Amino acid sequence: MSLGVKKIILLILLVVCLGLLVVQFTNRGTTPTAKQAEETLDKLPAQETVNEKIKGDKEERKYRVYYITIDKVEDGRYYGTTKEGTGISFLEAKVNEPLPKGLEKGDIVKAYFDLEFSTNGIVKVEEVDEIPQE
């Protein structure tokens, strides 16, 4: 192999490595670390009661909202933990208002429970986009 061909191969390898590094750093910011999720959860209330009209409701109803960190996703089932440490799992198919996109480990969500019909379980899940300011 001539010196010119070796230089071209080395240049191609360097460009590929640089491209992989760029991809790694751009993807790193999208998935929250466990510490970031814990800090976000600390800023949110443990629970709250809201009046809201959810898909299928004819009028506003009372819902208890818990903030949950998604710990594991397996076979379409989401496993999470509330701020108080209570474990919760749910299937997206069983939620009245499914999420526009799937959840990943580390995501923080608001889970709505119907106060009048507690046997319904979680009726709505929303991803927490904004972190409250201190």
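In this predicted model, lysine 110 pairs up with glutamate 126 in a salt bridge, with 3.9 Å between the closest N and O atoms (a salt bridge being a side-chain nitrogen of Lys or Arg within 4 Å of a carboxyl oxygen of Asp or Glu). Lysine 110 sits in strand S5 and glutamate 126 in strand S6 (residues 122-127), so this contact ties together parts that are 16 residues apart in sequence. Strands here are DSSP runs of E, at least two residues long, numbered from the N terminus. Residues are numbered from 1 along each chain as its sequence is written. As the model is a prediction, local features need pLDDT of at least 70 and side-chain atom pairs count only at pLDDT 80 or more, while totals for chains, interfaces and linings use all residues; side-chain values rest on heavy atoms, with hydrogens and water left out.

Glutamate 126 also bridges to lysine 124, and there the closest N and O atoms are 3.0 Å apart. Lysine 124 counts as buried because its relative accessibility is 8%, whereas glutamate 126, at 25%, counts as partly exposed (buried means under 20% relative accessible area, exposed over 50% and partly exposed in between, using a 1.4 Å probe and protein chains only). Through shared partners, the salt bridges join Lys110, Lys124 and Glu126 into one network.

Searching the whole structure turns up four salt bridges. One of them links aspartate 114 to arginine 61, with the closest N and O atoms 2.2 Å apart. Aspartate 114 belongs to strand S5 (residues 108-114) and arginine 61 to strand S2 (residues 61-74), so the pair ties together parts 53 residues apart in sequence. Aspartate 114 and arginine 61 are both buried.

Definitions and conventions:
Helices (H or I, at least four residues) and strands (E, at least two) are DSSP runs, numbered from the N terminus.
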